[in-house]
Amino acid sequence: MTKKDPQFECIECGYQSIKYFGRCPNCQSWNSLVEKQEPEKMQESGLRGRLSRIDEIDPSEVERVPSGSDEFDRLLGGGIVGDSVILIGGEPGVGKSTLLLQICSFLSSAQHPILYYSGEESANQIKIRAQRLGISSPRLYLFTGGTLEELKEQIEQVTPRFLIIDSIQTLYSSKTSHNTGSPAALRILTSEIIETAKGKGITVFIVGHVTKEGQLAGPKTLEHMVDVVLYFQGDLQQDLRILRAEKNRFGAVNELGIFRMTDKGLEAVQDPSKLFIQHRHAGGSGIALFPAVNGQRTMIIEIQALVTDSPFVSNPRRIAVGFDSYKMAMLISIIEKKLKLPFYKSDVFLNITGGLNLRDTAADLAVCAALISSYKNLPVPGESVFIGETGLTGEIRPVHLLEQRLKEAGRQGFQCAFIPEVSGKLKKMELKTVTLKTLADLYGTLKDKSQ
Ligand SMILES: Nc1ncnc2c1ncn2[C@@H]1O[C@H](COP(=O)(O)OP(=O)(O)OP(=O)(O)O)[C@@H](O)[C@H]1O
Ligand SMILES: [Mg+2]
């Protein structure tokens, strides 16, 4: 490297600099600049490129293997795709190893040999977990500790159909000088594993640790290299665990897998709506219910708001859990402007119950209902759901999949839905629908119902 060459590289966005910064000037990530290392000399892989004309390709159907868990299969788009690479990220203790061991149990019983690499736990620890989960199989091979080169030897010996890497941060190669777990090492190890697996038709599950911010540790490029990225979330104090598809080359990304952690491992939750709502009858203030669509499933979600006088008059708190805080700030500004309600003197807290992360714009109306209701201490009508997007001018805009949402609310026995104006005619639903055109209509409804 000459003196002028960039010597630091951002592991998140790839920005390069000759100076060190605590915060990346490009993507604003903290502590993401690392010393740039000379690229390793590429090794001869043995794989050869192939030129094809698209009209001459005879596509074979994508092979999908059931994992043994319907919840996990739906998340992947209908089963595990042959020779795909699946990255699973999540906080320590959330249940990554448990889920993979449960999947191994089913796959190995279907005559598939599996090689499970663990760099974090001994074979004995894994055996104890397997006993607790009631798993034993002669086709499940454990390989603990060791290097990438040794792992490759084991792959030759076992010829597995599935390979589990638990975790990529603990694997190391005797051939690279990079530190274990460093971004450069992760990139090299992952590409070597993918190359080995794709050449032999092996499906790979890679466990990745997440940073404090909840992102996969290591370079973002790791996510580009794999076919599927799944994030495991959940409050470790509770037994609920949510698996979310962040990227999927073979299916939709808005699917959720909802599980409960028990002493027998992870169990799928059959009717999640029941889990996320506690206040459907009460009609309390600061609580609004919303039918959220996640892939093929619709479930009713509880949105809670707390608006209180702020002790920090010049800088009130705005805290959103499970909802985009910028979006919340925008909705508060619309309410302030259109309804003349001075939120600027109040602390605002918003919470989506059950540890869910709500990204659906159709939830705007329910969020506004919860915020206004808490601020003015007006009860939100019980047995009701709110569906609608809020425009910057305060109008309530149509949303996608309205009928699907209404159907689920009707199925759950709700009596009323507050919805935007729709252009066509709605199918006859089991519940009453009330049209709201603007936020002023919503405020008027809340005031009327409280009288
Ligand atoms: N006997 C038990 N009964 C119920 N739950 C248990 C029991 N033992 C462990 N667990 C659950 O399993 C979790 C650990 O799961 P697991 O080891 O699969 O997590 P992980 O995501 O792989 O963690 P790490 O990142 O540390 O490897 C614990 O946090 C706990 O919730
Ligand atoms: Mg683990």
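Me: Which residue in S16 stands opposite Ala 288?
Reply: This is a predicted model, so keep that in mind as we go. S15 and S16, the latter being residues 297–309, pair in the antiparallel sense over eight bridges. Across from Ala 288 in that strand S16 you find Ile 303.

Me: What is the order of the strands in the open sheet of four?
Reply: Strands of a sheet pair through backbone hydrogen bonds, and that can be parallel or antiparallel. Here the pairing is mixed, and the twist averages 20° from one strand to the next. Reading across the sheet, the order is S15-S16-S18-S17.

Me: Which strands stand at the edges of that sheet, and why is one side of each left without a neighbour?
Reply: A strand at the edge here has just a single partner strand, so one of its sides has no neighbour in the sheet. That holds for two strands, spanning 287–294 and 318–321. They are S15 and S17.

Me: How wide an arc around the axis do the buried residues of H10 cover?
Reply: The buried residues of H10 (402–411) are Leu 402, Arg 405, Leu 406, Glu 408 and Ala 409. They pack against S15, S16, S19, S22 and S23. They sit on the same side of H10, because the arc they cover is only 160°.

Me: Which element gives the largest share of the shell around ligand 1?
Reply: There are 14 residues around ligand 1, and Gly 93, Lys 96, Ser 97, Thr 98 and Asp 263 come nearest. The elements giving two or more residues to the shell are H2 (96–109) and S13 (256–262). By class, the shell has four nonpolar, six polar and four charged residues. The largest share, three residues, comes from H2.

Me: What percentage of the residues in the protein are buried?
Reply: The protein has 11 helices and 23 strands, and its C-alpha trace spans about 75 × 60 × 55 Å along the principal axes. Of its 451 residues, the buried ones make up 39%.

Key. Residues numbered from 1 in each chain as written. Chains lettered and ligands numbered in written order. Predicted model: local features only at pLDDT ≥ 70, side-chain atom pairs only at ≥ 80, totals over all residues. Near = placed C-beta within 6 Å. Nonpolar A, V, L, I, M, F, W, Y, C, P; charged D, E, K, R; others polar. Buried ≥ 20, exposed ≤ 12 C-beta atoms within 10 Å, placed from the backbone. Pairing = 2+ DSSP bridges. Axes fitted to C-alpha atoms, helices over the stretch in contact; angles between N-to-C directions. Arc of directions from axis to C-beta. Contact = placed C-beta atoms within 7 Å.
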